Amino acid sequence: MTKRALSMMLPAVLLLGIVLSGCGSDGASNSNNTAAPGAAGDKVAGEITVWGHPYVGDDKKEQLKAFWNDTIAAFKQKYPDVKVNYEEIPWKNREQKILTALAAGSGPDVFYQLPDQIPQFAGNNALEPLDAYGKDIQTDDFSKGALAGATYQGKLYALPILQEVQTMIYNPDVIKAIGEDPAKLPTTWDEFDRWAEKAKAKGYYARNFEGGAGCCNATLYPLLWQSGGNVTDDGGSIILNNDKGVLAFEYVKKMYDNGWIPKDSISSDNQFPEFLSGKMLAVWGQGSTLTTLKAQKKPYVIGPPLKKEKQASFGTVGMFVVSKTSKNKAAAVEFTKFLTNTDTAKAFNKLTGYLPVRKSAGDIYNDDQDMKEFMKYADLTIPGISHPAARGFMPKIQAEIGAMLEGKKTPKQAADAAAEALKLDAKK
């Protein structure tokens, strides 16, 4: 099933799930809980089901299994009357599986979501708001970007457990070849442009940009945020084609016309080989990028997110949510708190290689300079576009970027066309 089809299916499926499960499962109406679920003195008991995913490769599969066993055992020591059933489901078609289960009234009590899923599910009354479930959540311990991804329309719907930071990663050999210093990396568009011109003059590409096929989170959106623009405003209105948005489109066209990015930026979804082969100054990357570079013994240096009007980057956030249809919300919320607390989050992130979202868990990478460098930029990251139709926006934007790079449209025309297409999506 396509993401578009899932988006169209969501409201009807979730409505059906809520009807099937009844309306008496939260607050005082829950037979397993008192009037203030999650508060001190409540009886937390019963059975819950948790759905997660294969967050590691096959080489760490057994370690991940041990993590879940240990976490559930530790939780049971605190809440001996709660039985926790954990099920790992594949990444592929996970939305369809969750939606189908919720519709049947047999879905998980706790499951994993990303920021651009929260508006969809919360907007269709599928998630339980967590604000009323005790003050021990300690939201001030989360990074700003992580907390933003967990919040929709002023309500907290998720507790984050992991964060990713994306930024510029440079080839120090190319830096030296263009007469610059790897210890003094660009911090602004203007500074990077000067390096880009030198790189082009020496026969290198300046950076990757898979604009016509790559995910907008790693292509246009960071530039859009750095220019001071965004896809939507705080009220959800489309502002992609305002002056700051057009500036981002113009910058992409400038990079393409100047030869700073490869000609296949119209259609390629992977230009990383150009960086690996030493033909590119910089690549937009994250922790997994370094894993590849280290495995192939390639030199690298991590740079800061760039700035035009503001310094900003993309970094997804992984979170756990509680289903609105859960018949045991008190236990589900308490397990979600336990799973995302400092000690459990440390163990999870150390195993999976992600960044912790809690400041109190930040010391797990004290001996890893690369991860410490990424963590410096955690508060500069934006976890994506917060809008119920966000997942359907990207193909429209990609198509207009492709048309612009092909010379069929000016940057203003491409931005206007993309904005109009997004407005139609937003109304559906």
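## Buried aromatic residues

A residue counts as buried when its relative accessible area is under 20%. In this predicted model, phenylalanine 320 has a relative accessibility of 0%, so it is buried. Tryptophan 68, at 2%, is buried as well.

## Aromatic pairs

There are 17 aromatic pairs in the model. One of them joins tryptophan 68 and phenylalanine 320 in an edge-to-face arrangement, with 6.3 Å from centre to centre and 80 degrees between the planes. Tryptophan 68 belongs to helix H2 (residues 61–78) and phenylalanine 320 to strand S11 (residues 317–322), so this pair ties together parts that are 252 residues apart in sequence.

Another pair consists of phenylalanine 111 and phenylalanine 121; their ring centres are 6.1 Å apart and their planes lie at 55 degrees, so the pair is tilted. Phenylalanine 111 is in strand S3 (residues 110–113) and phenylalanine 121 in helix H4 (residues 118–123), so the parts that this pair ties together are 10 residues apart in sequence. Both phenylalanine 111 and phenylalanine 121 are buried.

Trp68 and Phe320 also belong to a cluster linked by ring pairs, together with Tyr55, Phe67, Tyr86, Trp91, Tyr112 and Phe348. Elsewhere, a charge meets a ring: the charged end of lysine 263 sits over the ring of tyrosine 256, 4.5 Å from the ring centre.

## Nonpolar cores

The largest nonpolar core has 56 residues, and within it Ile118 and Phe335 touch the most other members. Helix H12 (residues 329–339) supplies the largest share of this core, 6 residues. Apart from this core lies another, of 52 residues, which includes Leu281, Ala312, Ile385 and Ile401.

What does isoleucine 118 contact, leaving aside its neighbours within four places in sequence? Its contacts are Gln113, Gly123, Leu127, Gly149, Tyr152, Tyr157, Ala158, Met319 and Val321.

## Helix H11

Helix H11 spans residues 287–295, and its buried residues are Thr289, Leu290 and Leu293. Viewed down the axis of H11, these buried residues fall within an arc of 95 degrees, so they line one face of the helix. The face turned away from the buried side carries the exposed residues Thr291 and Ala295.

Several elements cover the buried residues of H11. Among them are the strands S7 (167–170), S8 (282–285) and S9 (301–302), along with the helices H10 (272–276) and H14 (369–376). Lysine 297 follows H11 and has a positive phi, near 55 degrees.

How values were computed. Residues are numbered from 1 along each chain as its sequence is written. This is a predicted model: local features need pLDDT of at least 70, side-chain atom pairs count only at pLDDT 80 or more; totals for chains, interfaces and linings use all residues. Side-chain values use heavy atoms; hydrogens and water are left out. A nonpolar core is a set of buried Ala, Val, Leu, Ile, Met, Phe, Trp, Tyr and Cys residues joined through side-chain atoms within 4.5 Å. Buried means under 20% relative accessible area, exposed over 50%, partly exposed in between (1.4 Å probe, protein chains only). Helices (H or I, at least four residues) and strands (E, at least two) are DSSP runs, numbered from the N terminus. Contact means heavy atoms within 4.5 Å. The arc is that of the directions from the helix axis to the C-beta atoms. Rings of Phe, Tyr and Trp (its six-membered ring) pair if their centres lie within 6.5 Å; planes under 30 degrees apart count as stacked, over 60 as edge-to-face and the rest as tilted. A charge sits over a ring if NZ of Lys or CZ of Arg is within 6 Å of the ring centre and within 35 degrees of the ring normal.
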